[in-house]
Amino acid sequence: MKVARTGNEAFAEAMRQINPDVVAAYPITPATEIVQIFSQFVADGLVKTEFVAVESEHSAMSACIGASAAGIRAMTGTSSQGLALMWEMLYIAAGLRLPIVMAVVNRALSSPINIHCDHSDTMGARDSGWIQLFSENVQEAYDNLIQAVRIAEHPDVKLPVMATTDGFILSHCLETLDILSDEDAQDFIGISPERPNLIKSLNEGSPITLGALDLQDYYFEHKRQAAEGMFNAKKVIPEIGKEFGKRFGREYGFFEEYQFVDAEVVILVMGSTAGTAKDIVDEMRKEGKKVGLLKLRVYRPFPAEELAKALKGKKAVGVMDRADGMSAFSGPLYPDICAALYDIDQGRPVIQNYIYGLGGRDIRKEDIRYIFEEIIKTAKTGKKDYTLKYIGVRE
Amino acid sequence: MEDKKAGWKELPEGDVLEGASSLKFKTGNWRNRRPVHIPEKCINCFICWISCPDSAVKVNSETGKFERFDYDYCKGCGICAYECPKEAIKMEDEKEVEK
């Protein structure tokens, strides 16, 4: 059914259909509406969720951890500083292998304080053991959150998942959403698979210990287990994306290729900017330029082999980073892409980095056209004049 | 506790253990000084018992008197000796005790 929804409304609708046992959340712009709308669903009796209005995001994630450790479904939503405040709990959720699902609205991190979009908040969580799914539009945000539950709870994965939207650009913009019927959504999500290692945690007759001290002799083994969950997620995510496509007509993989097969130069981007970039690709294609787009949906686990396979033979790749890695080198996405493509023997593209859109700075079509023109120049010579350029910042 | 340690494939997932697993973790082996009780000075006020952060002061429930230190869990912090109003607990170097 086609409806008009903002990104936040779409996330809230997905949460209503998921009907989690516990939602613990704290408001933060621009993610506030997600749990605000959802709390209305709770008040109206549309879901069976226990809604916990906590005093901070640190507590929100802690409450989700407690709930999930008791073997039930727990969800939350946040953004920016809220995600930052959850930071230590993020690692604990992943380390305890708890399939918590979180809707994240990407927003810049202070300082300076700013409520608008960039990806620096989730980039700070990229090594935490959470699976990260980025969304180009409201439809993908909704679809990602529905799939996130299945991915997180898959017995081979058992890791938390965050699905993201770009702050305000998606969270507050009304788009057409093809929403699943409640029956279809709930049938796809299914009931939570039993987690035998946790099933006894609320049974006082046979208590368990969770999160015990784990020193030199066991910590490494537990981390290796979590890493295996992430390796397995690489198999599970496309499987679930395919199943989703089969049932509902929208298939999902690690990334989307747009005007890609015969493209000589490619822009690689995550989130809503992919939509703008597609417009430019269309325009430049009409001018006879062989430009294409690769939109990365799954950032963690990182599909390195798949990216290498897809990008092999391209002449130049422009990696667009909506975060500054503050490394005096590049944004955070760029080194990952370079590492993924390094082992290509023949036909390795020249790769350049473009940091853009920090703190919600508009990324205009002209900006993306400029990047294409830059990498077309690079493709001609096969050599790059520079590694990194900032796009859209005043000198 | 000296049996073969589990590899990551066989270890229970997600740092989940049976309940009360800390009882198996004999933290007493962290100790480098141990408290020694001097019965002649002790007035059984139990300030040591209430002060011990590791519940390592054992009181005999029948006699209501100091019984022993639980050296399995006493970390040798010395709070009992410090708090004792009658100097009825002295701290001895573990190396000396071993001799």
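In strand β1 of chain B, the residue B:E18 is the bridge partner of A:I208. Helices (H or I, at least four residues) and strands (E, at least two) are DSSP runs, numbered from the N terminus.

The model is a predicted one, in which local features need pLDDT of at least 70 and side-chain atom pairs count only at pLDDT 80 or more, while totals for chains, interfaces and linings use all residues. Residues are numbered from 1 along each chain as its sequence is written, and chains are lettered from A and ligands numbered from 1 in the order in which they are written.

## The contact between chains A and B

The contact between the chains takes 18 residues from chain A and 13 residues from chain B, where two residues are in contact if their C-beta atoms, placed from the backbone, lie within 7 Å. On the side of chain A that touches chain B, β9 (208–210) and α9 (219–248) each supply at least two residues, and α9(A) gives the most, with four residues.

Sorted by class, this side of chain A has six nonpolar, six polar and six charged residues. Here Ala, Val, Leu, Ile, Met, Phe, Trp, Tyr, Cys and Pro count as nonpolar, Asp, Glu, Lys and Arg as charged, and the others, Gly among them, as polar.

## Two domains in chain A

Chain A is assigned domain 1 (2–248) and domain 2 (255–391), with bounds that come from an automatic or database domain assignment. The C-alpha centres of these two domains of chain A lie 28 Å apart, and their contact takes 26 residues from domain 1 and 20 residues from domain 2.

On the side of domain 1 that touches domain 2, α6 (120–123), β6 (131–133) and α9 of chain A each supply at least two residues, with α9(A) giving the most, four residues. The residues of that side of domain 1 divide into 13 nonpolar, eight polar and five charged.

## Two crossing helices

The axes of α11(A), residues 304–311, and α12(A), residues 333–341, come within 8 Å and cross at roughly 70°, which means that α11(A) is roughly perpendicular to α12(A). Axes are lines fitted to C-alpha atoms, for helices over the stretch in contact, and angles run from 0 to 180 degrees between N-to-C directions; angles under 35 degrees count as roughly parallel, over 145 as roughly antiparallel, 65 to 115 as roughly perpendicular and the rest as oblique.

In this contact, A:A304, A:L307, A:A308 and A:L311 of α11(A) meet A:I337, A:A339, A:A340 and A:L341 of α12(A). The residues of the contact divide into eight nonpolar, no polar and no charged.

Methods:
Pairing = 2+ DSSP bridges.
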